[in-house]
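I am starting a notebook page on this structure. The entries follow the order in which I looked things up.

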Amino acid sequence: MSLNYRTFVIANPKAGAGAVEREWDLLERLLRARLPEFDYAFTEGPEHATFLAREALRSGWEMVVAVGGDGTLNEVVNGYFEKPDAQARFKIDPDGWMTRVRDAAGPVAINPDAVVGMLPLGTGGDFRRSIGLMGGHRESVEHLSGQHIRNVDIGEVGYLDASGKLASRYFINIASVGFSGEVDRAVNKAWKGLGGRTSYMIATARAFASYNNINVEIRLDDTTELSGRMNNVVIANGEFFGGGMWIAPGAELDDGQFQVVFMGDLSRREIAALVFDIYQGKHLQNKKIFRRRASRISVRSTDGAHAMLDIDGEAPGGLPALWINHHSALPLKS
Ligand SMILES: Nc1ncnc2c1ncn2[C@@H]1O[C@H](COP(=O)(O)OP(=O)(O)OP(=O)(O)O)[C@@H](O)[C@H]1O
């Protein structure tokens, strides 16, 4: 395979509070200058980036690039793989745990020689922090035309969608359950024009006013069981979420494991006092917060109360859920 990948760019015009649309002329010029074979399409709504990525890879494009925020990247990552059939991969056992169907296949790449790239322009921009891609557009395009490819782990979550049906989705950054799911639901309803951190803080304040901690049981790698009342259970491949919160310091993208951060039974007052610590990764000093490493995590509610999932910044459903780490499943241009 040549180093000059035939590249299909998938751009979300609305990402970054409209920045992609506003800056497209410059972006296109930069991309044309560095990528000899290049074409692009704009997304028209949710899930379209997944469809476009699959189509591009089936048509022989060798690199698909997400231009936008973490939501667009998540959709392109999902489109790197064949559409998974959740019913064939997950089931709920008689005790209410989400489990993996025996012999279910792992993620199937449409073209295992193809790679994924990103040109980050979101409002939150959390994944880019974990790969150190913090420069401007020019630097991001340099990365796309460079030679370095990193095989990163991909998470898969089996869960119940909003209508109570079995669903599954891949994630590249963080998928959690609890307070962050409520924040996502609020932030995705809110206007993001105020910028990442401000939008998340307003949404956090809204979710904060109504949220109750969740009663859950948790299995880690089928060897450890934990239970208790939690504010949030965070399953992290990357280190940041929520528009710059350093929730999982030291989480590694390619170690075959997640860092699992348990935010215990924190009161509203304790959460309010912790918010700024989380941006600096200092929350781990709190004795109600602890962490583990695992590659398979199962969570169920013990009281049947609703608990919302956050999957790379979207809130598509709730418990019971099972998280699986697929080691080195995604070749990422970085
Ligand atoms: N044409 C479109 N109009 C409206 N929404 C779109 C369009 N195309 C894609 N979307 C949706 O926009 C959502 C948000 O995109 P994305 O996360 O990339 O940007 P962001 O919210 O600015 O960034 P971040 O998630 O990093 O804060 C995605 O879930 C995607 O489904």
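How many residues of α4 are buried? I counted a residue as buried if 20 or more other C-beta atoms, placed from the backbone, lie within 10 Å of its own, as exposed if 12 or fewer do, and as partly exposed in between. Eleven of the eleven residues of α4 are buried, so α4 is largely enclosed by the rest of the structure. Among them are D70, T72, E75 and Y80.

Notes on the source. The model is predicted: local features need pLDDT of at least 70, side-chain atom pairs count only at pLDDT 80 or more, and totals for chains, interfaces and linings use all residues. Residues are numbered from 1 along each chain as its sequence is written. Helices (H or I, at least four residues) and strands (E, at least two) are DSSP runs, numbered from the N terminus.

Entry: domains. I found the protein chain divided into domain 1 (7-90 + 101-153) and domain 2 (154-329), with bounds from an automatic or database domain assignment. Their centres, taken over C-alpha atoms, are 23 Å apart. I then looked up the contacts, which require C-beta atoms, placed from the backbone, within 7 Å. In domain 1, 26 residues are in contact with 36 residues of domain 2. On the side of domain 1 that touches domain 2, α4, α5 (86-89), α6 (127-130) and β7 (149-161) each supply at least two residues. The largest share of that side, six residues, comes from α4. Its residues divide into ten nonpolar, ten polar and six charged. In this count Ala, Val, Leu, Ile, Met, Phe, Trp, Tyr, Cys and Pro are nonpolar, Asp, Glu, Lys and Arg are charged, and the others, Gly among them, are polar.

Entry: ligand. Which residues are closest to the ligand? I noted G69, G71, T72, G122 and G124, out of 24 residues that surround the ligand; the cut-off is a C-beta atom, placed from the backbone, within 6 Å. Two or more residues of the shell come from each of α1 (15-22) and α4 (70-80). The largest share, four residues, is from α4. The shell around the ligand divides into three nonpolar, 15 polar and six charged residues. Domain 1 and domain 2 each give at least three residues to this shell.

Entry: five-stranded sheet. I read the order of this open sheet as β14-β13-β12-β9-β16, with antiparallel pairing; two strands pair if DSSP finds at least two bridges between them. β14 (289-294) and β16 (309-311) stand at the edges with a single partner strand each, so one side of each has no neighbour in the sheet. Neighbouring strands are turned by 15 degrees against each other on average, direction ignored. Axes are lines fitted to C-alpha atoms, for helices over the stretch in contact, and angles run from 0 to 180 degrees between N-to-C directions. Strands β9 (174-178) and β12 (232-236) run antiparallel and are joined by five bridges; G178 stands opposite N232. Helix α8 (179-189) lies across β9, β12 and β16, at about 100 degrees to β9.

Entry: β10 and its partners. I found seven bridges between β10 (214-220) and β11 (224-230), in the antiparallel sense, with I218 opposite L226. Their hairpin has three residues between the strands, and D221 takes a positive phi near 50 degrees there. β10 also pairs with β15 (296-301) in the antiparallel sense, over five bridges, and L220 stands opposite I297.

Notes. Two residues are in contact if their C-beta atoms, placed from the backbone, lie within 7 Å.
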